[in-house]
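Take a look at the fold below. We will walk from a strand pair to the whole sheet, then on to the helices.

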Amino acid sequence: MDYQQMFKQYGISISDQQLQMLEVYADLLIEWNKKFNLTAITDKDDIYLKHFLDCLLLADKLQDNTSLIDVGTGAGFPGIVIKIYKPNIRVVLLEPNNKKVSFLEEVVTQLNLQNIFISNQRSEDYCRQHYQQFDYVTARAVASLNILCELCLPLIKVGGIFYAMKGPKALEELQSADKAIKELSCQYSGKEQFELQDSTRIILKITKINNTLKKYPRNYGQIKKRPL
């Protein structure tokens, strides 16, 4: 498959060097996935379509010379793909799983990525030390939106944006997260929907309009038991 052409069909233009970096990333993902579970998607064409293209569609929205934190980044989606596509963005990859952190460190080293940082912490712990420090927060396949909001929204600066990467039930989740979004001093600012072969992807945009109260986030047990 001509991956560069596939990306172009969705309005994404990448350089040969960036394509080569994605190739190394895909090979590392397949290799490491044999040792422990990073992704259920192991076919290379599917990795490019369902992981890389999915993340590039978000990356294309971001401005250069900004800061971004990817909460629960897992194998680096979308954070590492964003860094490859937008090298001038300062990226923090937040991941509590030690094995996944080892993989992320290997990818960052192999690709010689600069101004990207890996934090082996839970979001609620990291957030207390880095309250409202980021222009963008992203999360993909981490938790339902009403839980995710409390883990992510306190990290954004006033005027910053949380991009929640969701599937076809995104608007149902949005409805149940309405109270949390308001309580955390944010507002829903729209969505974009994409069809990637047989799967629907929806990016929800939530904007910080005022300071979030510093009592948030609560500890994860409270968040999960009593979502806002």
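**From sheet to helices**

V92 stands opposite F117 in β3. Strands (E, at least two residues) and helices (H or I, at least four) are DSSP runs, numbered from the N terminus.

The model is predicted: local features need pLDDT of at least 70, side-chain atom pairs count only at pLDDT 80 or more, and totals for chains, interfaces and linings use all residues. Residues are numbered from 1 along each chain as its sequence is written, and side-chain values use heavy atoms, with hydrogens and water left out.

Now the whole sheet. Seven strands form an open sheet in the order β3-β2-β1-β4-β5-β7-β6, with mixed pairing. At the edges stand β3 (116–119) and β6 (186–196). Each has a single partner strand, so one side of each is left without a neighbour in the sheet. On average, neighbouring strands are turned by 20 degrees against each other, direction ignored. Helix α5 packs on this sheet and touches β2 and β3. Its direction makes about 165 degrees with that of β3. Axes are lines fitted to C-alpha atoms, for helices over the stretch in contact, and angles run from 0 to 180 degrees between N-to-C directions.

What else does α5 meet? The axes of α2 (residues 16–33) and α5 (residues 98–111) come within 10 Å and cross at roughly 150 degrees. That makes α2 roughly antiparallel to α5 (an angle over 145 degrees). From α2, the contact (heavy atoms within 4.5 Å) is made by M21, V24, Y25, L28, L29 and W32. From α5 come K99, S102, F103, E106, V107, Q110 and L111. By class, the contact has nine nonpolar, two polar and two charged residues. Ala, Val, Leu, Ile, Met, Phe, Trp, Tyr, Cys and Pro count as nonpolar, Asp, Glu, Lys and Arg as charged, and the others, Gly among them, as polar.

L19 also lies in α2. Leaving aside its neighbours within four places in sequence, L19 is in contact with Y3, Q4, F7, I14 and Y48. The C-alpha atoms of L19 and K35 are separated by 25 Å, at 16 residues apart along the chain.

Methods. Parallel < 35°, antiparallel > 145°, perpendicular 65-115°, else oblique. Pairing = 2+ DSSP bridges.
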